[in-house]
Amino acid sequence: MFSAASAKAISLTICACGEWQDIYTQLRQVVRELGIPVNSEPAELQPVHCALLSGLLSHIGQKDTDKQEYTGARNTRFAIFPGSGLFKKPPKWTMVAELVETSRLWGRTAGRIEPEWIEPLAQHLIKRSYSEPHWEKSQGAVMASEKVTLYGLPIVAARKVNYGSIDPTLSRELFIRHALVEGDWQTRHAFFRANQKLRSEVEDLEHKSRRRDILVDDETLFAFYDQRIGKEVVSAKHFDSWWKLASRENAELLNFDKQMLIKEGADKVSQLDYPNFWHQGNLKLKLSYQFEPGADADGVTVHIPLPLLNQVEDSGFEWQIPGVRRELIIALIKSLPKPLRRNLVPAPNYAEAFLGRVKAMEMPLPDALAREFRRMTGVTLERENWQWEQVPDHLKMTFRVVDEHNRKLLEGKDLTALKAQLKDKVQETLSKVADDGLEQSGLHIWSFGDLPRSYEQKRGSYQVKAWPALVDEKESVAIRLFDSEQEQQKMMWRGQRRLLLLNVPSPVKYLHEKLPNKAKLGLYFNPYGKVLELIDDCIACGIDKLMGEAGGPAWDQTSFEQLRDKVRGELNETVVTIAKQVEQILTAVFNINKRLKGRVDMTMALALSDIKAQLSGLVYRGFVTGNGWQRLADTLRYLHGIERRLEKLPADPHSDRARMLKVQAVEQAYQAWRNKLPPQRQDDEEVQSIRWMIEELRISYFAQQLGTPYPISDKRILQMMEQIAG
């Protein structure tokens with residue numbers, strides 16, 4: 001059925017105003033003669049324009065984005081005639097009935113078209129070109145960008161198409177390289193998963209050994225697949241069809257053999273040299289490897305779950321894994337000062353000899369090196385000779401603390417520093433595992449049964465370990481879990497001292513009755529705080545003395561009750577004895593301070609400054625408990641030593657200065673040595689003993705007549721520090 005509106009649309013498109021009326025009349029007459037009814041509904045634009053477009057393919061144009069003109073066939077350029085209805089609002093694509101050139105090339109009788117209408121009508125005229133063929137994992141095929149042109153005019157600029165049928169050879173190659181060799185393919189084929197796993201194992205070995213020459217190159221893997229896969233395979237779909245038949249004949253046709261993945265000559269690298277776990281006692285810690293110079297975790301990383309951090313010790317990690325050990329020892333030899341280093345040349349030979357003579361981790365690495373190299377060369381090496389800061393970072397173990405979801409919490413080369421930074425989090429974790437009511441607070445009597453020396457709880461795959469202790473909370477005590485035995489012992493002593501104070505009568509009244517007036521007066525002239533604080537300090541020191549005589553803190557109710565009875569019976573006399581000693585100490589301090597006041601002779605200024613520093617370290621707020629009952633008599637002797645020094649100082653300040661410099665050199669060595677120790681060891685009794693040895697050294701230099709309880713010298717002190725560090 002031919003529509004009157006259709007005829008009208010045609011005439012409007014191709015004719016001027018006068019001409020369309022003639023055509024419309026002629027068409028109307030023709031259809032009437034043919035008996036075709038005239039429809040009053042409007043015709044669709046696309047069928048009409050497509051009918052006209054089939055004869056006007058050389059008269060299409062694409063609008064220039066910057067100018068009011070069109071690019072047409074064979075690179076012609078024209079503009080829509082001003083008399084056209086499209087002149088003011090030109091479409092992006094157009095076709096024109098004729099091109100007329102006057103002052104410029106005009107397109108007359110224009111109509112709007114869409115570029116996708118052109119291609120189906122111009123199949124015999126268009127040209128296609130392809131670019132950027134590439135593998136797409138999501139499509140499982142090689143795709144390319146297709147460009148379609150008509151008389152040089154691009155009607156499709158960039159259309160993604162499957163390239164398999166266009167260039168099967170290249171598509172097959174790209175499929176093998178990307179999908180199979182590089183593994184960029186999502187498939188469930190068993191051979192593919194097995195091959196990827198084998199390749200990953202060899203790549204891991206490269207990271208571990210810090211080499212890039214173990215895994216065979218991609219060309220070798222490509223050749224493997226190329227020789228076995230059918231020529232018709234150009235995509236994942238084609239492969240699935242081919243493999244369905246091929247796998248029936250040989251299911252292992254495409255399986256890698258691990259040996260084929262390792263280059264010839266690279267099989268000397270042993271997996272045993274690069275373990276996946278680090279074992280320390282009952283702990284099994286995951287190891288990972290990263291070959292990325294400059295990265296923080298370059299080298300070997302040990303993963304430590306937060307609940308196990310308190311159980312991991314520093315010892316052993318300096319030895320590294322077997323695969324890194326030789327390179328580490330060479331680096332350590334090269335870090336030595338030149339006068340020592342030249343005795344160990346060539347370094348690789350000495351490293352090999354060392355590894356052949358020792359058993360790893362039987363002692364700290366610096367000590368093992370010093371022992372073996374002394375046997376080899378006769379040269380004595382000290383711990384400080386090894387310059388660890390000069391050793392490349394990738395040769396030092398990295399410690400990564402992770403949470404229960406294996407997410408990194410903190411990472412670094414210093415395990416001790418990580419423990420200090422995460423101490424609160426570890427404590428919080430330990431408190432969470434104590435779900436059986438072990439932790440308590442607000443305790444005033446021993447009402448909790450036996451207190452275990454250690455506590456273990458299974459949490460997931462971890463065996464969490466903690467150490468419970470009583471904690472001093474001033475008005476009461478609590479039971480808390482601690483992350484180390486050293487912390488437990490320190491807190492337990494203080495906590496039990498408080499619990500004893502809460503369960504025995506105060507000796508203050510007895511002290512007031514029995515203490516001589518002179519001693520009372522000495523206590524009241526205490527310059528280090530309130531007198532009641534000093535008395536509390538004396539009482540705490542008395543309990544420490546009695547607890548020490550009883551063998552230390554009690555861990556069960558019966559033992560505590562026995563200790564409590566002992567303290568109740570002996571505390572009064574003990575505190576009186578301590579208070580008398582404290583009074584003597586304060587009197588000596590008072591006398592020394594009197595002599596330090598007034599005008600200062602410049603020749604004695606440094607000595608007096610040294611004395612003041614010594615005095616502040618001996619007597620301070622809380623010194624009675626801080627120094628301990630066993631050191632009170634020594635403290636008084638050290639003060640008498642200061643008095644003797646002050647008596648002799650004016651006569652020979654130069655000799656005093658020489659002795660002072662020797663003492664200060666030992667003090668500086670002690671402070672440097674102590675700072676290098678782990679924080680939890682710095683207050684150990686054996687470490688503190690060095691501090692008292694230095695006081696004895698002062699007696700031997702400045703007040704020999706007072707005598708020392710044992711032979712003392714700066715050399716003996718330095719040797720003791722070395723012995724403790726070992």
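Modeller: Helix α16 (residues 485-503) passes helix α20 (residues 557-596) in a right-handed crossing. A crossing is called right-handed if the near helix is turned clockwise from the far one by less than a right angle, and left-handed if it is turned anticlockwise. This is a predicted model, in which local features need pLDDT of at least 70 and side-chain atom pairs count only at pLDDT 80 or more, while totals for chains, interfaces and linings use all residues. Residues are numbered from 1 along each chain as its sequence is written, and side-chain values use heavy atoms, with hydrogens and water left out.

The two helices pack at an angle of about 60°, and their axes are 10 Å apart. Axes are lines fitted to C-alpha atoms, for helices over the stretch in contact, and angles run from 0 to 180 degrees between N-to-C directions. Helices (H or I, at least four residues) and strands (E, at least two) are DSSP runs numbered from the N terminus. On the α16 side, Gln496, Leu499, Leu500 and Asn503 take part, and they meet Phe560, Leu563, Arg564, Val567 and Arg568 of α20. Contact here means heavy atoms within 4.5 Å. By class, five of these residues are nonpolar, two are polar and two are charged. In this scheme, Ala, Val, Leu, Ile, Met, Phe, Trp, Tyr, Cys and Pro count as nonpolar, Asp, Glu, Lys and Arg as charged, and the others, Gly among them, as polar.

Thr635, Arg637, Tyr638, Gly641, Arg644, Arg645 and Lys648 of α23 make the contact with Trp692, Glu695, Glu696, Arg698, Ile699 and Phe702 of α25. The contact has four nonpolar, two polar and seven charged residues.

The cysteines come next. A disulfide is a pair of cysteine sulfur atoms within 2.5 Å, and by this rule the count is zero. For Cys538, the nearest cysteine sulfur is that of Cys541, 7.2 Å away. Cys538 is buried, with a relative accessible area of 2%. Cys541, likewise in no disulfide, is buried with a relative accessible area of 1%. Buried means under 20% relative accessible area, exposed over 50%, and partly exposed in between (1.4 Å probe, protein chains only).

Most residues other than glycine have a negative phi, and most peptide bonds are trans. Tyr151, although not a glycine, has a positive phi of about 55°; it is placed in the loop between β7 (141-150) and β8 (153-162) and is partly exposed, at 25% relative accessible area. Lys474 also has a positive phi, of about 70°. Lys474 lies in the loop between β16 (462-472) and β17 (477-482) and is exposed, with a relative accessible area of 56%. The peptide bond from Val345 to Pro346 is cis, with omega near 0°, and Pro346 is found in the loop between α11 (338-341) and α12 (347-357).
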